Amino acid sequence: MDSVFAAIAQGPEDPILGVTVAYNKDPSPIKLNLGVGAYRTEEGKPLVLNVVRKAEQLLVNDPSRVKEYLPILGFAEFNKLTAKLILGDDSPAIQESRVATAQCLSGTGSLRVGAEFLAKHYHQRTIYIPQPTWGNHLKVFTMAGLSVKTYRYYDPTTRGLHFQGLLEDLGAAPAGSIVLLHACAHNPTGVDPTVEQWEQIRQLIRSKGSLPFFDSAYQGFASGSLDADAQSVRMFVADGGECFIAQSYAKNMGLYGERVGALSIVCKAADVASRVESQLKLVIRPMYSNPPIHGASIAATILKNSDMYNEWKIELKAMAERIISMRKQLFDALSARGTPGDWSHIIKQIGMFTFTGLNSDQVAFMTKEYHIYMTSDGRISMAGLSSKTVPHLADAIHAAVTGSC
Amino acid sequence: MAIRRAMSGGLMGRTAVLGERSMSSWWRSVEPAPKDPILGVTEAFLADPNPDKVNVGVGAYRDDNGKPVVLECVREAERRIAGYLNMEYLPMGGSVKMVEETLKLAYGENSELIKDRRIAAVQALSGTGACRLFADFQKRFRPDSQIYIPVPTWANHHNIWRDAQVPQKTYHYYHPESRGLDFATMMDDIKNAPNGSFFLLHACAHNPTGVDPTEEQWREISHQFKVKGHFAFFDMAYQGFASGDPEKDAKSIRIFLEDGHYIGIAQSYAKNMGLYGQRVGCLSVLCKDEKQAVAVKSQLQQLARPTYSNPPLHGALIVSTILGDPDLKKLWLKEVKVMADRIIGMRTALRGNLEKLGSPLSWQHITNQIGMFCYSGLTPEQVDRLTNEFHIYMTRNGRISMAGVTTGNVEYLANAIHEVTKSA
């Protein structure tokens, strides 16, 4: 008897997670992992926030805590606090009960549940995603049954926003199309629209009756301010229109592996939100029944306690500021080496990633000769840098750009 | 202050967005979804203020005081984990250590198959996630296949394969008249299915009926599967919970392995380790050799990535901490037996009480059936009476979660069942 799956070929390595796999295999003592977007300290170590440790201790020392199934939509208190985090404490949408929120498995899970809901209930089956975007977006939406088109976003010549192209492409999209927007700290480019540009985008999307789907994976991580990083989303919600929002606590609370996030659907009316909520359950139940309890409990513990919440804001700001400092240091190091080219985008871009502008040959060179691990699109995770390792990276970029390849 | 100005309407131009206000919701035609038949029961129970209410709906273990239980081995594992480890992403396939220990439970502590690395396995989101991942995998790599599902089965099985877009067929399983296994018809269905069909089998403690094949019957089923070249996918959500002995509860799987089948298994720690809300489980697919196992695992990961990227950490740490420590593992096995024994005790008590009340019906099936559930044979109307008149909550198919029965409520439950069935 042969296996029914005998003919299956090996799947390709995930381009992002595969970088860490390759990094781990490298025996070199000077290797540097600038692949996956997980925060590292100055010492290059993963960080569990103090306030998260505190919350953990509270949970483990509470004998009344049980491990029962959460409801399908997750932990209600967590959902309320998470919606408030992105929409604002006094958001009319929340006060009017117009927001349906489901706790989901971090950003990925929230996007997938939202996409499955759209494939089932929305009249348009096409989602427009920015060019470029996080590699997993395409897979998530395709797997959910949506077809995917792109809109221009990044301009390689300026290493900034291709605003004209964005407006043209979103303007040409059929009315009612779904549009994926990175709420802040665009991944992989680090290029965000200005407030004025967001306003124009909002007007365009609303005039076409398109449906915005926000991916908010870096709230607080980009500028250091939770409110500032939520501006784009709040502008859209303030006009009374509808939208989808996928939130993640992986980076801003350092809860990566616990898979904590939420999908919120902002609706026009409360009775709509309640029907939408009931239908979300039907998407989730055959996927994983109900979400994992641990991470959401930690997040809720922090969010509902004002001292812990303030502590969190301080630790979050410190992470954001370290990244901003790394940007400056790298820029200065390249300037000092006289590396050809304009590197100001390193300090103009925001969030965890810098889109260096290096091509895949240059990246391969840097991996081979300097043991620097990053995705082949030239994206580096600034969080993986430290004052000690900036010179090594600057040397590598310099060598790659001045022409060994 | 540009932001403030923007927000207060200077740049907003609310009324300038033509037609926007007059558009109604995109979701106005979304129908309210029906309540989940199982989880909806607990919702209704919680809303009931009556002090005598009994919840024998959802399959979550309760102690003799009707309280949820966190196992001692779990509490100890959590104490060790808190504060000592980081929260980095697991690999897409989950915790390697946890998966290794989990395979030993299903395939055998010293299984050659594990040594030969022939098993493609990934951490999954409990049993539901493992089944769904397999269904997605089946859809992608055997797009012409269907899944044969027993009648009855856990309701969510139908949802899972439907959402994965794998067509479903059913096979006979439960025999209402005897409240046992409809073995002859089941074997007919197996014989009549096209060669190479995919079958969903409950490894032990069938949900919702509690009716399992005997060892001899499993051997016959395995033999017929060989003749027909069928694929066996085992959903094992109750290992240890059925008889109290995990090895015994894995017998069906071991029989198939002895016969050389290439099987798939969904395992869950929700019940047997009480880790319900942590969502810890494992999907494994037995392959011809290591090379194939590597290929299959890589493809399973490709399906996990656009669903949740990587699985949750905490529950996996609990499992690997317990199973990786001989003393904790011993403690766990003891605690599982306590749970299983309490349920077996409640079966005996419920049947005993009904017989003492002089019920005209046979309640033998209560002690014949095994695992968390008893398929009582009550009709939906009788179940409604139990709920409305006696505040007893169960699913309308007459399934009783024995884990919800206690020495404190077993008489009340027996009385109520007797009341609604005595003139049946």
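Helices (H or I, at least four residues) and strands (E, at least two) are DSSP runs, numbered from the N terminus. This is a predicted model: local features need pLDDT of at least 70, side-chain atom pairs count only at pLDDT 80 or more, and totals for chains, interfaces and linings use all residues. Residues are numbered from 1 along each chain as written, chains are lettered from A and ligands numbered from 1 in the order written, and side-chain values use heavy atoms, with hydrogens and water left out.

**View 1. The annotated span of chain A.** Residues 30-397 of chain A are listed by UniProt, in an unreviewed entry, as "domain: Aminotransferase class I/classII large". UniProt positions follow the numbering used here, feature names are shortened, and annotations may be inferred rather than shown by experiment.

**View 2. The interface of chain A and chain B.** Contact (heavy atoms within 4.5 Å) links 95 residues of chain A with 93 residues of chain B. The two chains bury about 8100 Å² between them, 60% of it on carbon and sulfur atoms. Buried area is the accessible area (1.4 Å probe) that two parts lose on being put together, summed over both.

View 3. Four salt bridges join chain A and chain B. A salt bridge is a side-chain nitrogen of Lys or Arg within 4 Å of a carboxyl oxygen of Asp or Glu. Arg40(A) and Glu88(B) form a salt bridge at 2.7 Å, N to O. On the side of chain A that touches chain B, helix 11 of chain A gives the largest share, 12 residues. By class, that side has 47 nonpolar, 22 polar and 26 charged residues. Ala, Val, Leu, Ile, Met, Phe, Trp, Tyr, Cys and Pro count as nonpolar, Asp, Glu, Lys and Arg as charged, and the others, Gly among them, as polar.

**View 4. The two domains of chain A.** Domain 1 covers 15-48 + 318-402 of chain A, and domain 2 covers 69-304. Domain bounds come from an automatic or database domain assignment. The C-alpha centres of these domains of chain A are 28 Å apart. The two domains of chain A bury about 1700 Å² between them, 64% of it on carbon and sulfur atoms. Ile350(A), Phe353(A) and Phe355(A) supply 31% of the area that domain 1 of chain A buries against domain 2, more than any other three residues. The salt-bridge count between these domains of chain A is zero.

**View 5. The two domains of chain B.** In chain B, domain 1 is 38-69 + 338-422 and domain 2 is 90-324. Here 21 residues of domain 1 of chain B are in contact with 20 residues of domain 2 of chain B. About 1600 Å² is buried between these domains of chain B, with 64% from carbon and sulfur atoms. Ile370(B), Phe373(B) and Tyr375(B) supply 33% of the area that domain 1 of chain B buries against domain 2, more than any other three residues.
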